[in-house]
Amino acid sequence: MNYEKKLSTLKSNLEQSKDKKYRAEVRLENLYAAKQKLTEEIKSLGVEPENLNSEIEKLKNEIDELLDKADKLMPKD
């Protein structure tokens, strides 16, 4: 068995793993920053992030009601 070749392969694999870990950590930091920015933007719109789904549903219902109302106001031939 060629120990030098095996050791070289292990070192190379270790370096690749370290690089992947570093890139994953940077990506994670970017995602956390994006989440924080979105959370602040949502709050600036007067909505708490944990209530976002119910707020979206409420707005969808309001849109549906307004579309129905507009349709009823249109003259029928």
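The model is predicted, so local features require pLDDT of at least 70 and side-chain atom pairs count only at pLDDT 80 or more, while totals for chains, interfaces and linings use all residues. Residues are numbered from 1 along each chain as its sequence is written, and side-chain values use heavy atoms, with hydrogens and water left out.

**Whole chain**

Begin with the entire chain in a cartoon view. Its secondary structure consists of two helices and zero strands; helices (H or I, at least four residues) and strands (E, at least two) are DSSP runs, numbered from the N terminus. The radius of gyration is 27 Å, well over the 11 Å that the globule rule gives for 77 residues, so the chain is more spread out than a compact globule. That radius is taken over C-alpha atoms, and the globule rule is 2.2 Å times the number of residues to the power 0.38. Along the principal axes, the C-alpha atoms fill a box of roughly 90 × 35 × 15 Å.

The protein chain exposes about 7,700 Å², of which carbon and sulfur atoms supply 55%; accessible areas come from the Shrake-Rupley method with a 1.4 Å probe, and for residues only the protein chains shown count as cover. Of the 77 residues, 4% count as buried. Buried means under 20% relative accessible area, exposed over 50%, and partly exposed in between (1.4 Å probe, protein chains only).

Now colour by charge. There are 16 positive and 17 negative side chains, and the centres of the two sets lie 11 Å apart. Lys and Arg count as positive and Asp and Glu as negative, without His and the chain ends; the place of a charge is NZ of Lys, CZ of Arg, CG of Asp or CD of Glu.

**Helix α1**

The count of salt bridges comes to four, each being a side-chain nitrogen of Lys or Arg within 4 Å of a carboxyl oxygen of Asp or Glu. Select K18 and E15, which form one of them, with the closest N and O atoms 3.9 Å apart. These two residues are three residues apart in helix α1 (residues 3–44), and are therefore separated by about one helical turn. K18 is partly exposed at 47% relative accessible area, and E15 is partly exposed at 48%.

Select R23 and D19 next. Their side chains meet in a salt bridge of 2.9 Å, N to O, and both residues lie in helix α1, four residues or about one turn apart. R23 is partly exposed at 49% relative accessibility, as is D19 at 38%.

**Helix α2 and the segment after it**

From R23, go to K76: the C-alpha atoms of the two residues, 53 residues apart along the chain, are separated by 61 Å. K76 sits in the segment after α2 and counts as exposed, at 60% relative accessibility. Its side chain meets that of D71 in a salt bridge (3.7 Å, N to O), and D71 is partly exposed at 46%.

Finally, select E57, E62, D64, E65 and D68, which form a negative surface patch. Patches are made of residues with over 30% relative accessible area and no salt bridge, like charges being joined within 9 Å and nonpolar side chains (Val, Leu, Ile, Met, Phe, Trp, Tyr) within 5 Å.
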